[in-house]
Amino acid sequence: MKLKPLDSGGIMLSYRCQSGCRHCVYACGSKWQDWMSRDFLENLLRGLKETSENLKGFHLAGGEAFLNFDLLLFAVEKCTELGVPLEYVETNAGWCVDYATGVEKLKLLKDAGLRSILISVSPFHAETIPLKRTLTAIRVSEKILGAGNVIVYMWQFIDLIDRFSREKPIPLNNWIKTFGNEAAGSLFWDGYALIPGGRAGVELGFLAPSKYPPEHFARENCLREILLSGHVHFDPYGHYIPLFCGGLSLGKIEDLAAFVKTFDYRKLPLVKILVEEGPYGLFIFAQNEFGLELENKFFAGKCHLCVEVRRFLAQTGVFEELAPKAFYENLRSTLPPLEE
Ligand code: SF4
Ligand code: SF4
């Protein structure tokens, strides 16, 4: 079974982000320091063009890409120059402290070829980003890029956040106190359609409306997500991350076209298990080989189970696929603990 040629995805310029949200699939936050090198970025963009004639679109992201604006601008320029279809830049808007700052940056990006922007808004982002900045970023983006080119993910949270505060960040505990565990859990998990991978299951799993024991996922493999999705994320270290599987690397990219052509999932022991048997198979492997116990533990989704097992296996230090290592060290949020 070959790797389906990629056609879309994200380029993570860094894992660095001032927010460190509890739902972050890539466990981003302020402890991360590194940024993608310009040489690697250019090489990657050339590789994307070479690998597929059918690229639907890529987005630029972090972490928070605006924290290194020069690199972000360079990335937009290079996408334009090399003809890589750039869908949008994704941002948490924390940098947009006032209208003038927004205009200055957006104009530069537009001149470099940016056509669209995705602005995040949710209770998770609102823990660190005052709504006022988000609204300013939306207003500026509509002015510079045109209202039809601004994706607000997700609009429906704006009014709810505004009820708490427009000026200040809002601790997630306030939502839980106001709505109660059940309604807040449903709002977070169903309302935001949380992906239970990365930090989400670890931090927010206890609030999920439905939770299951490991054997519930026994019939779910990850063939579609790992080999067949065609959607991929590249991290600043060059890791090829299938779909949204933060912390799982199919390898480090040097020559993308050659990588995709010669990739054989059977050479990566954990990826092989995930493709053929899914995270429950990975749990059984970790139990038999390394003594992992998950008695009485319940999971919000198969990716939650997967991350829990991978976190355990990462401690053995023997599996190259569990990368970057710091992903596993940053799975716990640095925000104040939630009241369970
Ligand atoms: S989800 Fe939050 S922590 Fe993750 S990159 Fe986005 S803003 Fe940063
Ligand atoms: S269970 Fe693991 S490998 Fe499968 S899609 Fe989720 S994170 Fe990816």
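Trainee: Leaving aside its neighbours within four places in sequence, which residues is L6 in contact with?

Mentor: Among them are L48, F58, V232, F234 and Y240. Contact means heavy atoms within 4.5 Å. Before we go on, this is a predicted model, where local features need pLDDT of at least 70, side-chain atom pairs count only at pLDDT 80 or more, and totals for chains, interfaces and linings use all residues. Residues are numbered from 1 along each chain as its sequence is written, chains are lettered from A and ligands numbered from 1 in the order in which they are written, and side-chain values use heavy atoms, with hydrogens and water left out.

Trainee: Got it. How many residues are in the largest nonpolar core?

Mentor: That core has 118 residues, and L6 is listed with I11, L48, L72, F188, F234 and Y240 as having the most contacts inside it. A nonpolar core here is a set of buried Ala, Val, Leu, Ile, Met, Phe, Trp, Tyr and Cys residues joined through side-chain atoms within 4.5 Å. Buried means under 20% relative accessible area, exposed over 50%, and partly exposed in between (1.4 Å probe, protein chains only).

Trainee: Which helix gives the most to this core?

Mentor: Helix α2, residues 69-82, with nine residues. Helices (H or I, at least four residues) and strands (E, at least two) are DSSP runs, numbered from the N terminus.

Trainee: Switching to the sheet: what's the strand order?

Mentor: The order is β5-β4-β3-β2-β1-β6-β7, an open sheet of seven strands with mixed pairing. β5 and β7 are at the edges with a single partner strand each, so one side of each has no neighbour in the sheet. Two strands pair if DSSP finds at least two bridges between them.

Trainee: And how many bridges join β1 to β6?

Mentor: Four, and the two strands run parallel. One bridge pairs S8 with H231 in β6.

Trainee: Where's the cis peptide bond with omega near 5 degrees?

Mentor: That bond runs from G62 to G63, and G63 sits in the loop between β2 and α2. Another cis bond joins Y153 and M154, with omega about 15 degrees.

Trainee: What about A93, buried or exposed?

Mentor: A93 has 0% relative accessibility, so it counts as buried. Its phi is positive, near 70 degrees, and it isn't a glycine.

Trainee: Last one: which element gives the largest share of the shell around ligand 2?

Mentor: α11, with four residues. By class, that shell has eight nonpolar, no polar and three charged residues. Ala, Val, Leu, Ile, Met, Phe, Trp, Tyr, Cys and Pro count as nonpolar, Asp, Glu, Lys and Arg as charged, and the others, Gly among them, as polar.
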